[in-house]
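Welcome, and thanks for taking a look at this one with us. Please open the model and keep the sequence at hand while you go through the points below.

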Amino acid sequence: MKEKIKKIILGYLPGFITGLIICGTISVIAATYFPSNDVTYDNKESGLVSTNVQGAIDELYTECTTIPAGDQIIEDAELEKDPYECRYFFTGANPNNYITFNNETAGWRIISVECDGTIKIIRNESISNQYWGSGVSSWPTTSLNQYLNSTYYNNLKSTTKEQITSHEFSIGPVTNNNDNLSNQIQSENSTKWDGNIGLITVSEYLRVNSNTSDCSTLSSNNVYNDISGSCKNTNWMTKSNILNWWTISLDNISSSYGYAINNRGGIVINFFGASSSFAVRPALYLSSEVKITGGNGSQSNPYTFE
């Protein structure tokens, strides 16, 4: 199809091309064309760089046939649409969702591709142990939020910041109905916060588990119900080397309780207060404008973006 498009465009040559060529949000006002790269045109409305018509055609062709990074990842990984929201999750024990980000080779992993074209990612290891913040009632007021979106964000490389987009994070409380994932997602989505750096939700942790029949509820991931920790074997987010790490989700009974994931893959429910110091794995959204420059998502050959 791409070659056919180019042949149609080039089929007008030599000859005349006048009018408006539109591709997505890119428009080119094409001038009369003769078979010479010396012929120039007024490109002030095109948003392109080339000042000759042949160059503009080549440039427009490149723009029209470049697949957005999110769409390419969905296609390459054969990701299926989430049954609850318009999102595409990487699931299973160890999918090819590694990326190089902030010059950290394979240091981050893709959680999901969103239908707005953004890509949600999580750091593969903890940056440090941090307190959530004692006596707070919601994520926006936590000391951990302030740290991530000031000190941590400010220390990122400038080229890294250009790839991050501010985005809505679901920060609603975990529902009482622990075994209804749909209700839990709805509860989490009841409150939103917009920012650069956040954490995962409890439901996101559940949804990346490929064993949906046995491991998609809070109770099935409770360490006291799953003594063997079997659900960790089908969930790539589990980290055996991290004792406990924070999610962004608070308990809906008492705001002094936060939810964390432990090293056996269990969700710690109502046992540790938000004043506890746990590991932190930042999560954020890459802009829909990022482009894949290499890699296939494997740990040895992670995706790279620009």
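This is a predicted model: local features need pLDDT of at least 70, side-chain atom pairs count only at pLDDT 80 or more; totals for chains, interfaces and linings use all residues.

**E12 and its pairing**

- E12 spans residues 258-262, and five of its five residues are buried, so the strand is largely enclosed by the rest of the structure.
- On one flank you will find E11, which pairs with E12 in the antiparallel sense over four bridges.
- Within that pairing, Trp245 has Ile261 of E12 as its bridge partner.
- E12 also pairs with strand E13 (residues 267-268), again in the antiparallel sense, here over two bridges.

**Helix H6**

- Which residues of helix H6 (residues 181-188) are buried? They are Leu181, Gln184, Ile185, Ser187 and Glu188.
- These residues cover an arc of only 160° around the axis, which puts them on the same side of H6.
- As a reminder, an α-helix has 3.6 residues a turn, so residues three or four places apart point the same way.
- The cover over the buried residues of H6 includes strand E8 (167-170), helix H7 (202-207) and strand E11 (244-250).

**Two disulfides**

- The count of disulfides in the model comes to two.
- One of them is formed by Cys86 and Cys115, with their sulfur atoms 1.8 Å apart.
- The link of Cys86 and Cys115 is left-handed, with -75° about the S-S bond. Cys86 sits in the loop between helix H3 (69-77) and strand E3 (87-89), and Cys115 in the loop between E5 and strand E6 (119-123), so the pair ties together parts that are 29 residues apart in sequence.
- Cys86 is partly exposed, with a relative accessible area of 37%, and Cys115 is partly exposed at 42%.
- Cys215 is joined to Cys231 by a disulfide, with an S to S distance of 2.1 Å.
- The torsion about the S-S bond of Cys215 and Cys231 is about -90°, so this disulfide is left-handed. Both Cys215 and Cys231 lie in the loop between H7 and E11, so the pair ties together parts that are 16 residues apart in sequence.
- Are these two cysteines buried or exposed? Cys215 is buried, with a relative accessible area of 1%, and Cys231 is buried at 4%.

- Most residues other than glycine have a negative phi.
- Asn103 has a phi near 65°, a positive value in a residue other than glycine.
- You can find Asn103 in the loop between strand E4 (98-101) and strand E5 (104-114), where it is exposed with a relative accessible area of 62%.
- Ala106 is not a glycine either, yet has a positive phi of about 55°.
- Ala106 belongs to strand E5 and is buried, with a relative accessible area of 11%.

Technical notes. Residues are numbered from 1 along each chain as its sequence is written. Side-chain values use heavy atoms; hydrogens and water are left out. Buried means under 20% relative accessible area, exposed over 50%, partly exposed in between (1.4 Å probe, protein chains only). The arc is that of the directions from the helix axis to the C-beta atoms. Contact means heavy atoms within 4.5 Å. Two strands pair if DSSP finds at least two bridges between them. A disulfide is a pair of cysteine sulfur atoms within 2.5 Å.
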